[in-house]
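The entries follow in the order I made them.

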Amino acid sequence: MNYYSFIAGLPDITPDNAKDAPQMDVLLEELEELLSDSDRRLLKLLRMRHDNENLTAFLADKTAEMNPLGNLTKEDWEEVVDTMENGTEFMEEHEPRIVPYIAEYYHRTHDEKQGGEETAYKEELLATLYYDYGMKCRNKFVSRWFEFSLNLNNILTAYTCRKHGWDIKSATVGHNEVAEAIRKNPNARDFGLKGVFDDYDEIASIAEMTDLMERERRIDAIKWQWIDEQTFFEHFSIEKVLSFWLKCEMVHRWDGLDTEKGKSAFKRLLQEMKKGIEFAG
């Protein structure tokens, strides 16, 4: 399906300028009305990263605030979690809101409480299941976006772990060629990625930056460039719509964020990662 009128009316936005980008809740409402059923499912898949955040937050605190960009509301999660407690077979038969990887994640982490599989890296497990699920999408743009994001995040994480002396293998998520190379070569200077991943050198240079805010901006810039390259020959397709959604998410991430807040947020992220790795060890 083509979206001529919608795409023709989109504002030009850049990575460092959010003033012309629509608010995400307004954009979501418009897309929910505009997209076909099959295309709406593609947007739903991209929004599932917020569902992951919401599920993690809900399981830790039933009163936690939910990100409205997720597909499920707090009321949904209350019902879904209650359903999942009845077991996997019941869950798959009676709860259409649960995608398979969410069911698997809950089953595996719930069993841990009962003395089953030990899952110290719960967030890494959830991320792995999500990326694996997304890379199976039949839409090539979406599946490639998942794999590119996975590779980017794994390389940056590997450099962060090396810098701080953390366990690289345990922090690497997903199952693809780049992830397996990092796990097999955690002590190699290039993690065994030379010739495996074309953008390795550029991402490695970003990973070594000491200015945290500039580092984050460079990360968004390489994502932006990738999106533009992948949709260069797309004009009025769902791929162009989804690329606009991803770009709006990026620019709004910087709304009201000054340098000190950015540094504080990044330091908190490192502290949380270190705490999780120390716990696992």
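**Helix pairs**

I took helices as DSSP runs (H or I, at least four residues), numbered from the N terminus. The model is predicted, so local features need pLDDT of at least 70 and side-chain atom pairs pLDDT 80 or more, while totals for chains, interfaces and linings use all residues. Residues are numbered from 1 along each chain as its sequence is written, and side-chain values use heavy atoms, without hydrogens and water.

I looked up the geometry of the first entry. Axes here are lines fitted to C-alpha atoms over the stretch in contact, with angles from 0 to 180 degrees between N-to-C directions. The crossing of helix 3 and helix 13 is right-handed, that is, the near helix is turned clockwise from the far one by less than a right angle.

I then listed the contacts (heavy atoms within 4.5 Å). From helix 3, D39, L42, L43, L46, R47, R49 and H50 meet I238, L242, W245, L246 and E249 of helix 13. By class, this contact has seven nonpolar, four charged and one polar residue. Asp, Glu, Lys and Arg count as charged, Ala, Val, Leu, Ile, Met, Phe, Trp, Tyr, Cys and Pro as nonpolar, and the others, Gly among them, as polar.

Next I looked up helix 8 (residues 140-164) and helix 10 (residues 177-184), which pack at about 15 degrees with axes 9 Å apart. Their crossing is left-handed.

Terms used: Helices (H or I, at least four residues) and strands (E, at least two) are DSSP runs, numbered from the N terminus.
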